[in-house]
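Got the viewer up and the model loaded? Then come along for a short walk through it, one selection at a time.

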Amino acid sequence: MEQTVVVEEQPEHLPTAADSTKIRPINTETVHRICAGQVVLSLAIAMKELVENAIDAGATIIDIHLKEYGSELLEVADNGNGVHRSNFPGLALKHCTSKLSDFDDLERLGTLGFRGEALSSLCALADVEITTKHGAADSAARLSYDHGGNIVSEEVAARQRGTTVSLRNIFAPLPVRRKEFTKNLKREFSKMCNLLYAYCLLPNGIKYSCSNTTAKGAKSSLVATEGHKTVRENVISVFGLKQLASLLDVPLALPGPPILEEYGVNWAPGDKLPFSFDFLVSSALHGSGRSSADHQFFYINHRPCEPSKIIKLVNELYRQFNNKQYPFVFLDIATTSCMVDVNITPDKRQVFLEKEKLLLASVKASLLEAFKELPATLVSNTLEVSRGLKRHATEVRVKNTSILDTFRKRPRSEGSSKLTKNEAESKSVLSARDVKDSELEADEKLEMLVEIACNLSKHESDDEPAVVDIDGPQQVESQRRQVPLKLNYSALKEKFLNHLENQQQAPDSNTVHFRSDIAPEANKAAEEELSRHIAKEDFAKMAIIGQFNLGFIVTKLQQDLFIVDQHATDEKYNFEQLQRNSVMDSQKLVNPKLLELTAAARSTLIEHEEVFKKNGFSFETGENIFLTSIPIGEGCVLGKPDIDEMIFMLQEDDSRKTMCRPSRVRSVFASRACRKSVMIGKSLSRTEMKNLVAHMGDIEQPWNCPHGRPTMRHLVNLSLLTEQIEPV
């Protein structure tokens, strides 16, 4: 009789909790993809790495071409030495470089690149194709690489000596970054152009050209230089002759004892400084600076970088002499390589400097010497006195006092109660009795509003809110209704316990969201709180309590009480309507004016010509751009500075084009909005108050009027008043 033997199948080893927490090395491909995203963060950095490779290769001509602002193609071509065939396999592999062989070489660094990460990282983030011809080769080679930096295909191509690197669909392997990049495409393109200008200004004899082709096929030139050997000639090539006319040469000056003591530096006057610099800066005369700090270029040994302390020092000193503008800056610091550490961040834009305090002292002394003939500007801080309602911290609890005592007027602080002699004389026309009567009247009105709000919080389900005429005689009568109740102690206890259980499970409905005081110094914190907790649709849900002092609207949302400035909120609504819809009247010029613009600015102007027409500017475009008409302002003449300001705004944020206005046009609109808005002292009906509050939901920035006055502030959370909780 045969016996059947049953063999049980052994289960495979299942991962345990210990296995899941085991430390193991990350595979090479994952490491490569993670690190690549840290090296190349933006279109500007991708362009920077390719340009620096071309400079290190000895190029004298560098051509940059983009398609659709770099989202489809970024291509950099040079006439450098090219790549020898023996270097093809390691060209795009990580940490493969011909510029560095030992760590000690960093102290003698003479190239811009040294890590061997750029091409490898670009391969991980884009589709890379390289066409190169070495000086000793008979023909060029076209190489295609995969995302790991390995050669996929190689074929013979035709080109002169040099290298062309093409990046297509940059950031495509990282969907989130690609989406953010395409969303802010114009801004990223503008940053790339500004970084390119930094290389164009260097007096190294390299010719640069940069162009962009849009999706519709229109090609525009962004920059074209002649490769001059002086900074001033390159400034003319990039920014025009007008920019050069406003610049000052800043020679190196030895810092004196007061400046050396300020920075805590011990330096003998006869000792030689371990650095030198080439320094150009805008004159501090009004009109010579710029409306933004977009044209500031700092270098260490011809390497564009961002030395934050030097940048801050230069701008602060300049603002002492011209507090309305920012300077154009070109500062190239030359020192020995051993005194600089550039291996700080992946993009090599941050540096550490030896003798940094001595350098700061020298820069300060040099700038003060250059500006010594100009008068400094003193900014006086005026005292702001708040005459409105001041709310104390919401964490203060009320005990054995009236709810309304929380809102009564407190004595003014000592600082705000002090008046000059002239002010005291002007105030003497008001008798003490009149002042006291007006304060008592205001207190009575406020007491009534708070009482009404508290009553409303107890009857949220009522369909018809009570209509209150706050300025007329008031007779608030309470009508009691008697209802017989049948009490059952056991049922009441059970219901109470269920209520406690539900209250513990449910989120706290009395959470305090608003803690900022109503005071000028707390404006920023108050606006942040309102932005976090008030959505635009909430304005339509607010209940109107009444009008206070013929200037403020008291509203209620759930348990929170708010005060709205009727004039400021209407002014902001009217201002934004003017911003969106107004077309400025214009006046034709008898003689059209030639505009000197950079290639990038010219491209921005042509692309957004309709935005400029809406602001009253018209142009003749061709080989040159002529200004043919200017807007007619109220007491101001607009021109080239306003055009430059609009170009900068459009380059920074293309989404603002519907409300892109020069600052002087915004001032005109602010005055118009102020004159047509509801004034303080006007009595409003409930419908009018409701409309003003609802309009705040249509305002892009609803918390301040154009002149900076707050539109709405939080008063109190009513649950804190009605519960009578003990102090913590």
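Predicted model: local features only at pLDDT ≥ 70, side-chain atom pairs only at ≥ 80, totals over all residues.

Select Phe514 to begin: the residue sits in the loop between helix 15 (489-505) and helix 16 (523-533). Helices here are DSSP runs of H or I with at least four residues, strands are E runs of at least two, and both are numbered from the N terminus. Phe514 has a relative accessible area of 2%, so the residue is buried; buried means under 20%, exposed over 50%, and partly exposed in between, with a 1.4 Å probe and protein chains only.

Residues are numbered from 1 along each chain as its sequence is written, and side-chain values use heavy atoms, with hydrogens and water left out.

Zoom out for a moment. The protein chain holds 23 helices and 22 strands, and of its 728 residues 43% are buried. Take the contacts (heavy atoms within 4.5 Å) between residues at least 6 apart in sequence: 72% of them join residues at least 24 apart.

Now for the rings. Phe, Tyr and Trp rings (the six-membered one for Trp) pair if their centres lie within 6.5 Å; planes under 30 degrees apart count as stacked, over 60 as edge-to-face, and the rest as tilted. That rule gives twelve aromatic pairs. Pick Tyr197 and Phe239: the ring centres are 5.3 Å apart with the planes at 75 degrees, so this pair is edge-to-face. Tyr197 belongs to helix 6 (residues 185-200) and Phe239 to helix 7 (residues 231-239), so the pair links distant parts of the chain, 42 residues apart. Tyr197 is buried at 5% relative accessible area, and Phe239 is buried at 8%.

Phe328 lies in the loop between helix 10 (308-321) and strand 13 (329-335), so its pairing with Phe239 ties together parts 89 residues apart in sequence. How accessible is Phe328? Its relative accessibility is 0%, which counts as buried. Select Phe297 as well, and you have the cluster that ring pairs make of Tyr197, Phe239, Phe297 and Phe328.

Next, go to Asp294, in the loop between strand 10 (275-282) and strand 11 (296-300). Is Asp294 buried or exposed? Buried, at 14% relative accessible area. Leaving aside neighbours within four places in sequence, Asp294 is in contact with Asn194 and Phe648.

Last stop: a three-stranded open sheet in the order 19-21-20, with antiparallel pairing. Two strands pair if DSSP finds at least two bridges between them. Strand 19 (586-594) and strand 20 (618-620) are at the edges with a single partner strand each, so one side of each has no neighbour in the sheet. Strand 19 pairs with strand 21 (residues 626-631) over five bridges. To see one of these, select Lys593, whose bridge partner in strand 21 is Leu627.
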